[in-house]
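The report below goes through the contacts, the chain interface and the charged pairs of one model. Please read it beside the sequence and the coordinates.

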There are 2 protein chains.
Amino acid sequence: LERHWRSRGAEVVAVQGLGFVGAAVAPAIAASRRADGSPRYLVLGLDLPSGPGPERIAAINRGSAPIGSSDPELDRLTAQAVLEAGNLAATHLEMALGLADYIVVDIPLDVADRTRTRPGQVEVDQAGMVAGIRTVGRNMKPEALVLVETTLPLGACREMIRPVLEEEFAARGLAGGPKLAYAAERVMPGPDYVESIRSFWRCYAGTDPASAEMAEEFLSSFIDTERFPLRRLGSPAAAEMGKLLENSYRAMNIAFIQEWTLLAERAGVNLFEVVEGIRQRRGTHDNMRLPGFGVGGYCLTKDGLLAQWAADRYYGGGLDMDLTLKALEVNYHMPLHTLELTRELAGGELAGKTITLCGVSYLPGVPDTRNSPSELFLDRLEGEGAKVLVCDPLVGRWQEKPGVRVHGQAKECIRRSDGVVLAVPHRQYLELTVAELAPRPGRQPFVVDAQNMVDDQKAEDLRRAGCRLAGVGKGHWRGRGYQWPAA
Amino acid sequence: LERHWRSRGAEVVAVQGLGFVGAAVAPAIAASRRADGSPRYLVLGLDLPSGPGPERIAAINRGSAPIGSSDPELDRLTAQAVLEAGNLAATHLEMALGLADYIVVDIPLDVADRTRTRPGQVEVDQAGMVAGIRTVGRNMKPEALVLVETTLPLGACREMIRPVLEEEFAARGLAGGPKLAYAAERVMPGPDYVESIRSFWRCYAGTDPASAEMAEEFLSSFIDTERFPLRRLGSPAAAEMGKLLENSYRAMNIAFIQEWTLLAERAGVNLFEVVEGIRQRRGTHDNMRLPGFGVGGYCLTKDGLLAQWAADRYYGGGLDMDLTLKALEVNYHMPLHTLELTRELAGGELAGKTITLCGVSYLPGVPDTRNSPSELFLDRLEGEGAKVLVCDPLVGRWQEKPGVRVHGQAKECIRRSDGVVLAVPHRQYLELTVAELAPRPGRQPFVVDAQNMVDDQKAEDLRRAGCRLAGVGKGHWRGRGYQWPAA
């Protein structure tokens with residue numbers, strides 16, 4: 001295979017790690033074409049021969065994406081590269097690394113426990129990354145470029161990755177280490193999964209100028225750099241930091257709104273209209289976040305922890321990322337506020353109540369359930385003795401909670417429930433009618449709107465249908481005759 | 001005067017409080033014209049017969065602005081209204097309130113101590129506001145509108161203002177209270193001081209629909225509502241909250257960057273290039289703040305405290321605005337990081353050193369020194385035994401530190417100093433040359449750049465001139481041969 005493509009002028013790329021990132025990056029790189037229309041690269045996807053690895057490898061080699069996505073482009077590109085062009089294949093054989101001119105590292109790196117949010121407490125599972133990098137060092141061509149895309153604690157290229165590569169090179173009798181560069185992946189869950197690889201700003205840095213040059217050339221070959229120019233930063237630590245800072249900023253701005261949400265509810269204020277007014281200040285305030293149910297996903301929930309870990313481990317300790325960590329703590333606990341509203345509407349006691357939970361993914365329109373806030377919410381709700389009917393139109397099997405039955409249709413569940421919690425603004429839930437949300441007028445059902453899914457008109461109609469109502473950030477519902485328990 | 005203008009069809013506006021807001025609002029309202037070009041209003045400015053009141057009143061009646069501003073429009077409009085059109089006058093006589101159809105309240109309301117940033121600790125000086133409102137209630141026409149513009153703790157219209165007005169109405173034998181509305185002032189210090197009144201989004205709310213209607217009509221008569229449409233909110237508390245939330249958001253985003261600044265410096269990262277890279281994400285991340293010296297001004301430093309006070313006082317307590325308060329604490333202490341850098345460059349010991357401080361206003365290009373971070377910085381610097389030469393090209397007299405001599409020219413001060421701290425990015429300081437910043441090459445002067453005022457080229461040139469260098473957020477300077485003390 002390699003000789004076939006080499007003879008046609010293609011270079012070889014290895015993508016190590018075929019999870020949420022690598023599974024999209026591999027076909028996206030395989031789609032790169034030279035001026036004459038021929039594939040620029042042979043792409044070899046690598047994963048482990050254990051765990052989910054074999055299944056992922058088999059899926060790709062069948063021509064289908066190994067991860068669920070709402071982006072049809074992912075399956076299409078994979079099929080196209082594997083079955084038509086024939087320039088994408090997956091394997092667990094590490095010798096594939098020895099063929100590559102570019103090795104893209106998409107091995108996941110996670111914290112041990114997202115709830116440990118104090119300085120000195122954060123633990124990072126380095127084993128998988130270190131083992132993967134060791135494999136790379138053992139097998140790679142000395143002149144190849146290692147491009148790490150995994151979100152890393154800043155300093156990790158220098159402190160975690162490079163030393164391992166150098167060790168392996170030394171063991172092979174090679175001087176120094178390989179060319180090494182960093183450019184954080186930007187894959188966005190959702191309908192533009194694949195396009196987010198081609199069409200997004202990337203910052204990158206090399207451990208030396210030659211590595212940076214080679215990374216720039218490589219990235220330019222599959223990113224639309226006309227519209228999204230690359231930006232070279234002064235050091236890998238700067239590029240690593242960028243990703244952590246960006247996601248921490250978002251997490252911070254979400255957490256910040258939470259305390260104003262609580263205040264707004266007490267003050268009878270509709271926080272949504274207040275934020276809308278403030279967002280008129282374009283450029284400085286238009287990204288203000290809205291009240292909501294919680295924060296999930298792989299990145300926003302952990303990247304700040306990686307920064308604290310780096311501060312602790314690589315930069316001397318004694319530096320507390322107070323606001324960054326506090327934000328993660330607030331975001332993690334956010335669904336407990338919706339739990340409070342639910343408990344209030346249930347009359348102060350959840351035990352024995354049947355409640356429909358609408359939505360378990362962490363984003364609307366997306367089947368991704370990683371670190372979904374619905375998880376903590378469900379645990380606590382059940383912990384207080386409620387019977388919960390869990391629904392999601394997109395999630396067939398809740399990976400993190402395989403024992404929980406997920407209903408595709410909410411209507412029937414609601415009919416059997418004392419109340420419903422609207423947790424994820426999937427289109428299907430926005431379309432639920434008053435009759436569907438309050439199907440048994442005599443029975444005083446209740447609706448908790450955790451994501452601004454019920455507008456004031458619908459709220460009024462629900463109230464008329466005998467429904468009790470609460471909404472996150474919707475303090476004004478308390479004052480307008482909605483049947484709210486005394487504050 | 002009143003009869004003259006009434007006979008010409010004008011209505012009467014009283015502006016109560018002629019400080020930073022009222023002094024600009026009064027001439028801005030006086031500039032409003034009817035279709036035939038004649039003044040729409042007679043504007044009567046009111047201030048107290050004590051404190052700075054008489055001076056302000058005299059200034060306006062002479063036709064000049066009672067506050068210093070970098071906006072020439074303020075003096076022009078004042079002169080125009082007082083001396084040409086004759087529809088603006090100032091007085092301390094409260095009977096003027098009895099003539100008004102609209103009473104605009106711009107009485108300042110402040111916290112007792114900006115450093116008390118814990119829940120339950122915040123104290124608001126209500127006396128001035130309550131006394132001013134009492135005067136209004138005692139004198140006003142029953143059918144007039146009271147429009148409060150002062151930034152208030154949310155709930156204050158209902159809990160602080162309205163009860164006083166109702167008391168005074170009751171004492172006068174009038175039933176109920178007057179029409180009352182709230183629309184937070186948006187005056188922005190700087191070259192667009194006056195224009196920021198005409199050209200800015202305003203949210204407003206009335207205590208009842210009639211008050212809201214009247215407020216809308218009035219605000220529309222001097223705001224460019226074509227370009228900046230008014231937005232009516234559901235309650236005065238919502239409008240009050242909007243201002244507090246907006247400023248707290250800004251304060252939060254500034255504070256958030258501070259811990260990343262410290263991390264960047266440790267990690268050898270140029271945080272400015274990192275943030276620039278992140279800001280490419282328009283709409284979500286382009287308002288990310290930059291490392292800096294500190295936060296000053298009247299609003300950003302206190303508005304979050306007003307929210308906490310409201311939570312404590314009006315909404316039951318037990319709600320901690322953790323992130324909001326922490327941000328204020330971080331921002332207040334921010335200049336101490338520049339102090340640390342200064343101390344390091346001074347060899348670990350500030351006693352006996354002569355240091356030039358460039359800038360005491362809280363914004364570039366503006367003479368406003370309210371709560372300037374230079375204040376804490378200077379106190380601590382002197383507290384450690386340094387002799388400080390204080391400079392600012394715009395501030396003749398430092399109002400909050402009247403005992404401090406402020407030099408207009410920095411060059412001569414720098415020549416007599418061991419080092420210079422660039423604290424405010426006034427144009428004059430950006431233009432300082434290498435020779436001016438390091439005038440005595442043999443003496444190893446140092447420069448602390450607290451506001452990204454020295455680019456990498458100039459830094460290199462300064463280093464060549466024998467200068468030691470540190471910059472807030474400029475970790476990369478540590479690694480590039482700049483003479484930094486061992487980290």
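Asn87(B) sits in the loop between helix H4 (72–85) and strand S3 (88–91) of chain B, where helices (H or I, at least four residues) and strands (E, at least two) are DSSP runs numbered from the N terminus. With a relative accessibility of 0%, Asn87(B) counts as buried; buried means under 20% relative accessible area, exposed over 50%, and partly exposed in between (1.4 Å probe, protein chains only). Not counting residues up to four places away in sequence, Asn87(B) touches Trp5(B), Ala30(B), Arg33(B), Pro39(B), Tyr41(B), Leu42(B), Val43(B) and Ala81(B), a contact being heavy atoms within 4.5 Å.

The model is predicted, so local features need pLDDT of at least 70 and side-chain atom pairs count only at pLDDT 80 or more, whereas totals for chains, interfaces and linings use all residues. Residues are numbered from 1 along each chain as its sequence is written, chains are lettered from A and ligands numbered from 1 in the order in which they are written, and side-chain values use heavy atoms, with hydrogens and water left out.

Tyr298(B) lies in the loop between H10 and H11 of chain B, and, its neighbours within four places in sequence left aside, Tyr298(B) is in contact with Pro108(B), Leu109(B), Asp110(B), Arg114(B), Arg370(B) and Asn371(B). A polar atom of the Tyr298(B) side chain is 3.1 Å from the backbone oxygen of Leu109(B). In chain A, Val404(A) belongs to the loop between strand S12 (387–391) and strand S13 (406–407), and is partly exposed, with a relative accessible area of 22%. Residues up to four places away in sequence not being counted, Val404(A) touches Leu378(A), Val390(A) and Trp398(A).

The contact between the two chains takes 64 residues from chain B and 64 residues from chain A. The area buried between them is about 5900 Å², of which carbon and sulfur atoms give 66%; buried area here is the accessible area (1.4 Å probe) that two parts lose on being put together, summed over both. Tyr249(B), Trp260(B) and Leu323(B) supply 12% of the area that chain B buries against chain A, more than any other three residues.

Across this interface there are 28 residue pairs in polar contact, both residues being at pLDDT 80 or more; a polar contact is a pair of N or O atoms within 3.5 Å, and within protein one must be able to donate a hydrogen and the other to accept it, while residues adjacent in sequence count only if both atoms are side-chain atoms. On the side of chain B that touches chain A, H9(B) gives the most, with 22 residues. The residues of that side divide into 35 nonpolar, 15 polar and 14 charged, where Ala, Val, Leu, Ile, Met, Phe, Trp, Tyr, Cys and Pro count as nonpolar, Asp, Glu, Lys and Arg as charged, and the others, Gly among them, as polar.

Helix H10 (residues 271–278) of chain A is largely enclosed by the rest of the structure, because seven of its eight residues are buried. What covers those buried residues includes helix H9 (236–267) of chain A, together with strand S9 (203–206), strand S10 (231–232) and helix H9 (236–267) of chain B. At the start of H10(A), a side-chain oxygen of Asn270(A) reaches to within 3.0 Å of the backbone nitrogen of Phe272(A). From the other chain, Leu245(B) has contacts that include Leu271(A), Val274(A), Val275(A) and Ile278(A).

Between chain B and chain A the count is six salt bridges, and over all chains the count comes to 66; a salt bridge is a side-chain nitrogen of Lys or Arg within 4 Å of a carboxyl oxygen of Asp or Glu. Some of these pairs are listed here.

| Pair | Closest N to O |
|---|---|
| Asp322(A) and Lys326(B) | 3.2 Å |
| Arg6(B) and Asp101(B) | 2.8 Å |
| Arg232(B) and Glu216(B) | 2.7 Å |

Arg202(A) is buried, with a relative accessible area of 3%, and Glu149(A) is buried at 2%. Arg6(B), at 28% relative accessibility, counts as partly exposed, whereas Asp101(B) is buried, with a relative accessible area of 12%. In chain A, Glu2(A), Arg6(A), Asp101(A) and Lys141(A) are linked in a network of salt bridges.
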